[in-house]
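Here is a short briefing on one protein chain. Keep the sequence and the coordinates open while reading.

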Amino acid sequence: MHMRKINRIGIVGAGDMGSSVAAELRSNGFDVTTCLEGRSTRSRKLATRAGMRAVDNLETLVADADLLLSIIPPSAAAEFARRIVPLVEQTASKPLFV
């Protein structure tokens with residue numbers, strides 16, 4: 001079995017839960033990124049406090065990640081997956097998408 005090395009984790013959803021997960025990952029040495037495009041001032045503050053590195057758009061978030069975590073409300077998950085999967089398929093990094 002081939003084990004994939006994971007260093008860079010992209011998180012979609014920098015709200016309460018996403019920023020908490022990011023802070024824990026950062027405390028364990030991972031580089032954590034997020035895209036704050038269209039996000040509220042509150043989410044931006046939470047992301048900053050958690051040590052998340054912001055990128056300009058979803059394409060960059062996907063391209064920079066070894067692992068991509070979607071931490072969003074279940075009601076938005078299916079629509080988001082339809083939007084993000086083509087980006088995952090197009091990027092050379094081919095991050096794991098959870």
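## A buried helix residue

Val-88 has 12% relative accessibility; the cut-off for buried is under 20%, so Val-88 counts as buried. The model is a predicted one.

**Val-88 and its surroundings**
- Val-88 belongs to helix H4, which covers residues 74–90.
- Beyond its neighbours within four places in sequence, Val-88 is in contact with Val-62, Leu-68, Lys-94 and Pro-95.
- Glu-59 is 29 residues away along the chain, yet its C-alpha atom is separated from that of Val-88 by 8.5 Å.

- Lys-94 sits in the loop between H4 and strand E5 (96–97).
- Its relative accessible area is 39%, so Lys-94 is partly exposed.
- The phi angle of Lys-94 is near 45°, a positive value in a residue other than glycine.
- For background, most residues other than glycine have a negative phi.

**The sheet**
- An open sheet is formed by 5 strands, in the order E3-E2-E1-E4-E5, with parallel pairing.
- Strand E3 (53–55) and E5 are the edge strands, and each pairs on one side only.
- Strand E4 (residues 67–70) pairs with E5 in the parallel sense over 2 bridges.
- Leu-68, which is also a contact of Val-88, stands opposite Phe-97 in E5.
- H1 packs on this sheet and touches E1, E2 and E4. The direction of H1 makes about 170° with that of E1.

**Strand E1**
- How many of the 5 residues of strand E1 are buried? The count is 4, so E1 (residues 8–12) is largely enclosed by the rest of the structure.
- E1 pairs with strand E2 (residues 31–35) in the parallel sense, over 4 bridges.
- Arg-8 stands opposite Asp-31 in E2.

**The H1 and H2 pair**
- Helix H1 spans residues 16–27 and helix H2 spans residues 41–50.
- Their axes come within 8 Å and cross at roughly 15°. Angles under 35 degrees count as roughly parallel, and H1 and H2 are therefore roughly parallel to each other.
- The crossing of H1 and H2 is right-handed.
- On the H1 side, the contact involves Asp-16, Ser-19, Ala-22, Ala-23 and Arg-26. On the H2 side, the residues are Arg-42, Leu-46, Ala-47 and Ala-50.
- By class, the residues of this contact are 5 nonpolar, 1 polar and 3 charged.

Definitions and conventions. Residues numbered from 1 in each chain as written. Predicted model: local features only at pLDDT ≥ 70, side-chain atom pairs only at ≥ 80, totals over all residues. Heavy atoms only, no water. Buried < 20%, exposed > 50% of the residue type's maximum accessible area, 1.4 Å probe, protein only. Contact = heavy atoms within 4.5 Å. Axes fitted to C-alpha atoms, helices over the stretch in contact; angles between N-to-C directions. Parallel < 35°, antiparallel > 145°, perpendicular 65-115°, else oblique. Left-handed = near helix turned anticlockwise from the far one by under 90°. Nonpolar A, V, L, I, M, F, W, Y, C, P; charged D, E, K, R; others polar. Pairing = 2+ DSSP bridges.
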